[in-house]
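Hi everyone, thanks for coming.

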Amino acid sequence: MTTWNDKYEGVWERLLLSLPGQAVDTLTAVSWIQGPHYFVDLRQPHWLRGAVQAACLGELQMEEARALACQQGFAGTFELSGAIATWVRSIDFQPPGDLGDRGCLEAEGELLIEHGVDADYIEYWQRAASEGDCRSVGARYTSVEDGCPVILVRHGSRFGYARARTRPVAPNADLADMLKDADIASARALLDCEIALGQVTSEGWRIDRSTLPWREGRLLMRPDADIRSGRLGVADIDARGQIFTRSLELVECHGAWDAGYHGAFPPPAAQVAKAAKAEPFRAVPVVDIAALGGPDPVAERAVVEQLRQAAADVGFLHITGHGIAPAVIDRVQHAAKRFFDQPTDTKLESYIGRSRNHRGYVPEGEEVLSGTMRDRKEAFDLALDLPAERVPADHPMLGPNQWPDLAGFREDVMGYYAAAFAVGQKLLRGFAMALGQPADSLDALVTEPPSQLRLLHYPFQPGIADAPGIGAHTDYECFTLLLATGPGLEVMNEAGDWIDAPPVPGGLVVNIGDMLEFWSNGAFVATSHRVRKVPEERYSFPLFFALDYHVALQPLGAASDAEAISSGEHLYAQTIQTFRYLQERAAKGDVGLPENARKLSSFGQAARHREAAE
């Protein structure tokens, strides 16, 4: 048995879990931080954020306790035997089981594919980009106060912390079932186990996510914390909400202990580039978002200011530093080519008109965005892969995806979906801050959104008359993240001129959508754009980042009785007006436009020019 291999050190984010015959899980936020010998792993449903209002264990109510029982977290040692990895748990938020975690690992750059050994599953993991400093340490401690085992792992500026509960639990039990018959005091004791992830900042070790949500945002240690006489002090909160210092006695340490902060020195505010507003703009700005959500508040504020300027002045931007692994991008591009290279009859087996929730193949001419001219493109549309029993049978935008019979297609496509969605979550917080709002203003409104990913293929057709790949339009959701393989995208400036926006190497295009223009009360602009006749075969992969379907959104600063827009109904209304199969259903009376549905192109510069002409 090989006990260690440092090539797996780092912070890993799970992109998907794929089980035969089941929907692909991309809704659970899963992070695994691996240091020398030891690891910490935290798994939380997206909806869990905001579900608990208690400020300490003593305030926890039974409904909140049941919500917390849905999460998982564990820590222990990592062992290797050839390509077979075993994660041996010694601390577990859930009751321990007999079956160990074993997977056959297949590495492709910063993408790690895990095939289950004891169970039939596939997990895609992506390693987060490391800062310049990648020092690692993994250590096991004992809490002096109560004898609880503790594991602490650090890699670069990221850390994981795990503390076991004092109350023993029976192996192979189910935590949720244990809570059904427990009183509130017993429930609190069962949940008193912390698995936390965070960042080492200039202020100290900050907890970002925890199985005990009232710990989030708090400091675990000072920036100068050190092991003295074999002991380390960490901050904790007792059941009454009082902060105390928990003393940890070192048992074993792998790697050199160093509590200090080693991030890049934040640039002075005066050095932050501020592009002057162009009237009208002639180019799309480029913003490196690597510092967004990172440990440097000054660097993060610089990114937020650049996002604000781009969203307000242009409505479009290129982003770099997004962190999506090249292997994830390569795989989705290859998957798209495999699908679109099939015969038309084969592709039509997953025709979108066979779906009840708008998923599947979109042949050329099915979608009409501008006037009556056919778009020169074909597409495959998908979104969150939710089990059919989880949503109403007649829901127009949520439910399972319709998958073609191509081995590995759904995993490679959903791997990119999950990676791009995570970037979208980070951007949503950045845009909120850019509008002067708390970073988490919209987090609770993004739990099961109809955020759609489209695989788009623009075939090169020499000799045909000039025709649009996609006609002029705005996007209906909050914003779009676009990966494209070639030029063709044009955006409209304030003068009504079309400006080329060719891809930036290693970057994504981001554009403001209708909902963000509406929520910002017009401070951000949903820029009209189109794809012209392409000079070469082109693929693109837009992820349309949306809020939950039933969110009723009001403009910032508006009166409480101001008009609201239903996020999902706006999306569905625009979709009905642009897809032929839905127009046919509407003509038969099978579907109808939601009440107060807006016309196409009700936002963006095209709408402004039309209103000015009227």
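Let me begin with a term we need for strands: two strands pair if DSSP finds at least two bridges between them. Helices (H or I, at least four residues) and strands (E, at least two) are themselves DSSP runs, numbered from the N terminus.

A word on where this comes from: the model is predicted, so local features need pLDDT of at least 70 and side-chain atom pairs count only at pLDDT 80 or more, while totals for chains, interfaces and linings use all residues. Residues are numbered from 1 along each chain as its sequence is written, and side-chain values use heavy atoms, with hydrogens and water left out.

Now to β1, residues 10–18. It runs antiparallel to β2, and 4 bridges join them. Within that pairing, Val 11 has Ile 33 of β2 as its bridge partner. β1 also pairs with β8, again antiparallel, over 6 bridges. There, Leu 17 stands opposite Glu 123 of β8. Is β1 buried or exposed? I will call a residue buried under 20% relative accessible area, exposed over 50%, and partly exposed in between, using a 1.4 Å probe and protein chains only. By that rule 8 of the 9 residues of β1 are buried, so this strand is largely enclosed by the rest of the structure.

Let's step back to the whole chain. It has 11 helices and 30 strands. Of its 614 residues, 54% are buried. A contact here means heavy atoms within 4.5 Å. Taking contacts between residues at least 6 apart in sequence, 68% join residues at least 24 apart.

What sits in the interior? In soluble globular proteins, nonpolar side chains tend to be buried together. A nonpolar core is a set of buried Ala, Val, Leu, Ile, Met, Phe, Trp, Tyr and Cys residues joined through side-chain atoms within 4.5 Å. The largest one here has 75 residues, and those with the most contacts inside it include Tyr 416, Phe 431 and Leu 481. Helix α7, residues 409–434, gives the most to this core, with 15 residues. Which residues does Tyr 416 touch, leaving aside its neighbours within four places in sequence? Among them are Ile 324, Val 328, Leu 453, Leu 508 and Phe 541. There is also a second, separate core of 34 residues, which includes Phe 93, Ile 151, Cys 193 and Leu 212.

Next, the empty spaces. Rolling a probe the size of a water molecule over the atoms shows where empty space is left. On a 1 Å grid over the protein atoms alone, a cavity is a set of points where a 1.4 Å probe fits but cannot get out, and a pocket is an open set with protein on both sides within 12 Å along at least five of seven lines; lining residues have an atom within 4 Å of a point. Grid points are joined across faces, edges and corners, and a volume is the space filled by probe spheres set on the points.

The second largest pocket has a volume of about 990 Å³. Its lining has 45 residues, and Gln 72, Phe 74, Arg 89, Asp 92 and Asp 101 lie nearest its centre. Our strands β1, β2 and β8 are among the elements that each supply at least two residues of that lining.

Finally, two loop residues. Most residues other than glycine have a negative phi, and most peptide bonds are trans. Ser 229 has a positive phi of about 55° although it is not a glycine. You will find Ser 229 in the loop between β14 and β15, and at 81% relative accessibility it counts as exposed. Asn 521 has a positive phi too, near 60°, and lies in the loop between α8 and β27.
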